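Welcome! Open the model in your viewer, get ready to select a few things, and let's take a short tour.

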Amino acid sequence: MLRSTLPILFSSIPSLPSLFIRSARCDRRWASAATTLKKASVITPEEDSVPTYPLSDQDRSRLRLQRNIGVSAHIDSGKTTLTERILYYTGRIREIHEVRGRDNVGAKMDSMDLEREKGITIQSAATFCDWEATNPITNEKEKYAINIIDTPGHVDFTIEVERALRVLDGAILVLCAVAGVQSQTTTVDRQMRRYNVPRISFVNKMDRPGANPWKIVNQIRTKLRIPAAAVHVPIGVEDSFSGVIDLVHWRSIYNQGVKGNEVVVSEEIPADLLELATAKRKELIEQLADVDEEIGDLVLMDESPSNAQIDAAIRRATIGLKFSPVFLGSAIKNTGVQPLLDGVCAYLPNPSEAEALAHDTEKPSSAPMVPLTPAADAPLVGLAFKLEEGRFGQLTYMRVYQGTLKKANTIYNARTGKKVKVPRLVRMHSNEMEDVSSIGPGEICAMFGVECSSGDTFTDGETSYSMTSMYVPEPVISLAIKSKGIETPNFSRALNRFQKEDPTFRVHVDHESKETIISGMGELHLEIYVERMRREYNVDCITGKPRVAFRETITSRADFNYTHKKQTGGAGQFAKVIGYIEPMQPDEESGKDTEFVNDILGGAIPEGYFPGVEKGFYEALEKGTLSGNPISGCRLVLVDGGYHIVDSSELAFRIATIGAFREAYKLASPVILEPIMTVEVIAPVEFQSAVIGGLNTRRGTIVDSEVRDDEFTCIAEVALNDMFGYSNQLRGSTQGKGEFSMEYKTHMPVLPHFQKELEEAYKKTMPQAKSK
Ligand SMILES: Nc1nc2c(ncn2[C@@H]2O[C@H](COP(=O)(O)OP(=O)(O)OP(=O)(O)O)[C@@H](O)[C@H]2O)c(=O)[nH]1
Ligand SMILES: [Mg+2]
């Protein structure tokens, strides 16, 4: 493929939704699915004078029956369809409407018109419901309050999954009974690990021909590398799938009645399944024995654990992130959903069992983190995890971790220090809301009229705690955009709003070409915003061709000693900065990989000029000198400098830092980075060699391939820039039977000769070159 010019064009790529340019995150640090999160150092009350707020009996009994869960998985696995059933069986909605249903109503959680038209979830939606679970051991009925967030599967909208998992205590990982663990499943798995979210797995679509839950259980163990075992055995297959055998409590559960709303429990196990069920219960116990001491000891002593012991072990191991129980069902056929809800209540943690940590901003940033307690009387700590511009102003979704949030109370933004009164408090039910006067700890709600950014912490002013925000991946694709005809204020109004709501959507104006450039996680991501501008803001836009979002970085340290001096009659400009720049690894929690460090001792530069240095550094990072792309992975350390009583100013220091950076940059062995994608191709097995050959010619590295019946799946890592025209090639080489999806993996240095080409192309766009 010719790669001589920049921008790289995708002109031959067909309709965007079918392409699924998918992107996820910079996951250099999450190389293995087995990566367990580095536990943050946590302060214990004995170690320091950390105030403790014991849970009252009232707190305990409320929290015990509270669950905050996410439904996350690969695209099209049936998350929204499953959530629709959950809402129906819990009485939140009266009727079931399908995603892409014939009645044209659409599922409750896909409330946006675009979601209903495309049949995919774009934004995560929150809701809540009550579920009366019957404890199979005690037979007692108890009512649980469950907050649910249905997330999108398409990786272009990965930030929606990221922020939901940041604030949820547990999750349902939905898998297709035929396709099993797919590339996006591993992405979601990584996200769950990042925030230590325990999960139960739900093998959906058990009605599909070829459904094979045992293969999926095995894939969870081997591909996601988490011990797992089925807690169910299906009764009937494909069309005759009618219920499940509950292996823990040794009983059969059938769905009958209208839309499966009648759950019939029988002590009898169908005779033809007795042998299989016995073997699978044994397998469950064996898996548990590996991760749970109590069951391990019983197995060693050759004793059979009781149902209650198995139940308790599943709960301990799931909450301890050591195990995932696997449930089976078919959302569309209304089977197996109620037992899954019982599983959510039985095995996922309540808010007091999920660890929540905060930084004390009065202590140095290296100080250990402080655990929060979901006590209603404790000082308030809440995290704003999602913003939306609603009809009544900004809607801010909050997770309250500690204390009680009350309407009309004054709360403080821990980042800005600003205080604000809470004018209106609501609980969300997709796009509808219910007014409430207060929200207790461990709950999810939304506030109106509270200005803030996504990821801000709110307190009642009684603590100096601040929580970490969510991980924000870097955009991989960008395009120029302008309004058709005269630009109205709605153009920038819409872009500002989208940028504020979605941290993976960026807007900037190229100073040289004066073009507005939008960047995002994939073409569909950008296409949706362009379409929303048309529909919601009446702004028709013309867009340029999508370009790969290259980046630049440095590979070695370089020192600077730079003086900016200007004397033009009146007041002059003087600033001297001394220090160095060095490569920086991204922060594990926030993904932040650029930093200004002030190491000045003894007042060589007055404090008032430091912001000038910091601004200059970040301005210089906006555009690398090799290719004009943003610079990442770089730290600037200021160690010394000089100033002039009259001629120094913040501006002078800003200019000096930009000059210093540019000089040092040349010496720091800069390189251009390109996005590398994980590409998953599925095609009939006879095309295997054609597909692998095609990927090889694109310099792809094959990382996995699997043959299943008459189909094969191949996973490769390929530079996004080399994926130009791939859909056409794949169609041609597989008689239209192959499908592929792409997901962002990381940014890597481009090959030296390509770097040269990019540099040459950039030089030609510079004003000096043009005027020659
Ligand atoms: N056969 C079968 N199809 C199902 C089942 N559940 C969902 N589907 C279908 O799968 C398709 C996708 O369902 P959704 O519920 O939109 O999937 P999703 O996971 O929410 O998709 P995204 O939000 O876009 O990632 C729809 O056509 C559903 O009708 C099931 O249990 N069996
Ligand atoms: Mg959905």
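Start by selecting helix α3, residues 79–89, which gives three residues to the shell around ligand 1, the most of any contributor. Helices here are DSSP runs of H or I with at least four residues, numbered from the N terminus. You are looking at a predicted model, where local features need pLDDT of at least 70 and side-chain atom pairs 80 or more, while totals for chains, interfaces and linings use all residues. Residues count from 1 along each chain, chains are lettered from A and ligands numbered from 1 as written, and side-chain values use heavy atoms, without hydrogens and water.

Next, show everything with a heavy atom within 4 Å of ligand 1. Among these 19 residues, K79, T80, T81, T121 and D207 come nearest.

Now look for polar contacts (pairs of N or O atoms within 3.5 Å). Oxygen atoms of ligand 1 lie 2.8 Å from a polar side-chain atom of T80, 3.1 Å from one of N204 and 3.2 Å from a backbone N or O atom of I332.

Finally, move to helix α8 (residues 274–291) and helix α9 (residues 293–300), which pack at about 115 degrees with axes 6 Å apart. Axes are lines fitted to C-alpha atoms over the stretch in contact, and angles run from 0 to 180 degrees between N-to-C directions. Select I285, L288, A289 and V291 in α8, which meet E293, I295, G296 and V299 in α9; contact means heavy atoms within 4.5 Å.

Conventions:
Polar contact = N/O pair within 3.5 Å; in protein donor to acceptor, adjacent residues only side chain to side chain. Helix = DSSP H or I, 4+ residues; strand = E, 2+ residues; numbered from the N terminus.
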